[in-house]
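Q: Could we go through this one together? I'd like to start with the charges and then move on to the fold.

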Amino acid sequence: MNAEVDAHAERRQRLLSAIGGAIAAGGAPLGLAKRTSNLFRDRAEGARQRLDLSEFDHVIEVDGAAGLVQVEGMTTYESLVASTLARGAMPAVVPQLKTITVGGAVAGVGIEATSFRHGLVHHTLKEFDVLLPDASIVTCTPDNAHRDLFFGFPNSYGSLGYALRLVLRTLPVKPCVRVEHARHANPDDFFAALARACESDADFVDGVVFGPQSLVLSTARFVDEAPSPSDYGFERIYYRSLLDTPVDHLRTHDYLWRWDTDWFWCSKNFGAQHPWVRRLFGRSHLNSRTYTRLMRLNARWGLTKRLAHWRGVVPESVIQDVDIPIASAPGFLDFLLREIGILPIWICPVRAPDTTSPFTLYPLDDGLYLNFGFWDVIESREPHEAGHFNRLLEQEVLRLGGIKSLYSDSFFTRDEFARAYGMASYEALKARYDPAGRAPHLYDKCVLRA
């Protein structure tokens, strides 16, 4: 037997021995003890019984022949990708930031430029083990006794338990990636070209909106070798290359993490796009891990809010990813440019590979959706109700038949949330897998910030 399989079994037994009695005794609601988080919403302070799952951060097995990887839930994608690339493979969907954990990408929603063909991270799942709120562990597959939890766990954000072990599909890779960046001056032309790219033999498809007449479609393919591959891990900035480099080459590792160095383009908020600041940070600190820590410090000390107050402006953080049916994409872009005004905007196509068994809490119909990602602070001279711009956004997403990720601020009413995220089915899952209500309810956690 694989030594890592034995080691995982030992970690699992230690966990059950450590937490079983404490959970049975009841008390404060459950929460996960984590040093880092990729959630972008403030949470209410309150008593929590913290579960320490930090031991569960190992890659158990990479099976190249079967195209599968077995991995523990607290493993970061940085570690997972390093293990799979060493064996000539990559996870079928690799979220954009190195610090995202595998379990987090399934309990939330993980997307990237392979999603036009392979769906979201949870669409690549074959099976997984869930630590339930009562300290029992169940194995979920699409066709066993816990298939309801298999399809109901994604987008549950820990409200139904935590993934301890997962089996995911992988893809074979080549050493390098060739990227073509095609500029468009018309949104309709851009969206039409994107739809065609999703029907092509491309391995990766995504795009960026820099302005109403400046849109870039990026299509990428694996290649065996590359002339002078580009390095965007230090002095050069990847997103800027989209506007002046029609054809680019990167090593596969660097392509997968092309967005992490500058947190897409959000490193600008820390001055990290100025050359001298960049050198001061150094290569080892130009990454999402550093920026997340700085963001947490800012939230703790309220520096940005104090500065905004001194300047006489009212800030609202609008950090969101939404999925919109492609037919409604031009209209939604018009709305964003008119009402929200954040640029650039990341565009990533996604299609559910199989909609015959939909995932309960993040339902996608047949057809292509476009993920719009926009992350910044809107400042206004006139005060609005809390969440004004986020509320506008949510209403437009609902109107267009789209769906919004829940990793950031949400302001839905209970009825709106219930319609958008399948709460009737969720309540049945909650009754079966957390009848004592030991974990927070999804609405309380994602909207009320419990």
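A: Before the charges, a convention: Lys and Arg count as positive and Asp and Glu as negative, while His and the chain ends are not counted. The model is a predicted one.

Q: Okay, on that count, how far apart are the mean positions of the positive and negative charges?
A: They are 5 Å apart, for 49 positive and 54 negative charges in the chain.

Q: Switching to the fold, how many helices and strands are there?
A: The chain has 16 helices and 16 strands. Its radius of gyration is 22 Å, close to the 22 Å that the globule rule gives for 450 residues, so the chain is as compact as a globular protein of that length.

Q: And what box do the C-alpha atoms fill?
A: Taken along the principal axes, the box is roughly 60 × 55 × 45 Å.

Q: How much of the chain counts as buried?
A: Of the 450 residues, 55% count as buried, and the accessible surface comes to about 19,100 Å², with 52% of that area belonging to carbon and sulfur atoms.

Q: Is β15 mostly covered or mostly exposed?
A: Mostly covered: ten of the twelve residues in β15, which spans residues 369-380, are buried.

Q: Which strands does β15 pair with?
A: On the β13 side (residues 314-325), the pairing is antiparallel over twelve bridges, and glutamate 316 stands opposite isoleucine 378 of β15. With β14 (residues 345-350), β15 is joined by five bridges, again with the strands running antiparallel, and here valine 350 stands opposite tyrosine 369 of β15.

Q: Then what about the pairing of β14 with β10?
A: Strand β10, residues 204-211, pairs with β14 in the antiparallel sense over three bridges, and the bridge partner of valine 209 is isoleucine 345 in β14.

Q: One general point: where do side chains go in a regular strand?
A: In a regular strand the side chains alternate between the two faces of the sheet.

Definitions and conventions. Residues are numbered from 1 along each chain as its sequence is written. This is a predicted model: local features need pLDDT of at least 70, side-chain atom pairs count only at pLDDT 80 or more; totals for chains, interfaces and linings use all residues. Side-chain values use heavy atoms; hydrogens and water are left out. Buried means under 20% relative accessible area, exposed over 50%, partly exposed in between (1.4 Å probe, protein chains only). Helices (H or I, at least four residues) and strands (E, at least two) are DSSP runs, numbered from the N terminus. Two strands pair if DSSP finds at least two bridges between them. The radius of gyration is taken over C-alpha atoms; the globule rule is 2.2 Å times the number of residues to the power 0.38. Accessible areas come from the Shrake-Rupley method with a 1.4 Å probe; for residues, only the protein chains shown count as cover. The place of a charge is taken as NZ of Lys, CZ of Arg, CG of Asp or CD of Glu.
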